[in-house]
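Morning, everyone. Please look at the screen while I talk.

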Amino acid sequence: MSRKTKETDIQLELNLDGTGIADINTGIGFFDHMLTSFARHAEFDLKVRADGDLYVDEHHLVEDTGIVLGKVLAETLGDMAGTARFGEARIPMDEALAEVALDVGGRSYLVLKAEFAAPQVGQFSTQLVKHFFETLASNAKITIHASVYGDNDHHKIEALFKAFAYAMKRAVKIEGKEIKSTKGTL
């Protein structure tokens with residue numbers, strides 16, 4: 001899928017049945033690292049090429065990447081027939097601990113409990129952590145509850161992306177043929 005605006009040009013490929021191969025280039029080193037970590041730990045193959053108005057700041061590029069990744073997830077997941085639907089993970093990274101619970105059942109919502117001491121990690125604004133997950137959840141139509149504590153912002157953000165990866169891997173696991181809903185549809 002691609003998205004081109006006056007601010008960004010994003011191309012993204014996703015394979016949920018992959019092995020964790022990542023080929024990421026957004027121009028924001030720390031964001032590349034987080035998306036690579038997500039792909040590796042979810043065992044999804046992910047390719048991202050993103051160009052944007054980084055001379056302004058990284059907001060538009062991170063937001064639009066979240067939009068495209070969310071839309072690709074929604075399209076790839078379809079009606080979710082046969083999937084586990086729910087996933088959760090607790091991931092430590094040194095002093096940091098992140099927890100993510102999610103539902104890929106077609107309703108978007110984000111609850112994120114996280115505080116960051118620094119305004120940036122590398123060229124990545126810590127304010128964009130919430131915005132990225134909010135944008136992704138909205139476009140993927142998934143509910144995400146996430147929290148993290150620790151001392152090091154790099155560790156906290158990375159633990160969040162890894163916990164999100166493991167929760168997604170568990171939620172999209174095929175466990176049958178039916179849609180897990182009392183309504184019979186999502």
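Strand 1 and strand 2, which covers residues 8-15, pair in the antiparallel sense over three bridges. Two strands count as paired if DSSP finds at least two bridges between them. Helices (H or I, at least four residues) and strands (E, at least two) are DSSP runs, numbered from the N terminus. Within this pair, Arg3 stands opposite Ile10 in strand 2.

A word on the source: this is a predicted model, where local features need pLDDT of at least 70 and side-chain atom pairs count only at pLDDT 80 or more, while totals for chains, interfaces and linings use all residues. Residues are numbered from 1 along each chain as its sequence is written, and side-chain values use heavy atoms, with hydrogens and water left out.

Now the sheet. Strands pair through backbone hydrogen bonds, either parallel or antiparallel. Here, four strands form an open sheet, ordered 1-2-4-3, with mixed pairing. Which strands stand at the edges? Strand 1 (2-4) and strand 3 (22-25) do, each with a single partner strand, so one side of each has no neighbour in the sheet. From one strand to the next, the twist averages 5°.

Next, the helices that lie across these strands. Helix 1 (residues 29-42) lies across strand 3 and strand 4 (45-52), at about 160° to strand 3. Helix 2 (residues 59-77) lies across strand 1, strand 2 and strand 4, at about 35° to strand 2. For these angles, axes are lines fitted to C-alpha atoms, for helices over the stretch in contact, and angles run from 0 to 180 degrees between N-to-C directions. Contact means heavy atoms within 4.5 Å.

Buried means under 20%, exposed over 50%, partly exposed in between (1.4 Å probe, protein chains only). Leaving aside neighbours within four places in sequence, Ala74 is in contact with Asn139 and Ala140.

Val56 sits in the loop between strand 4 and helix 2. Val56 is also partly exposed, at 46% relative accessibility.

Finally, the whole chain. There are four helices and 10 strands. Of the 186 residues, 50% count as buried. Residues 24 or more positions apart account for 78% of the contacts with a separation of 6 or more. The C-alpha atoms fill a box of roughly 45 × 40 × 30 Å, taken along the principal axes.
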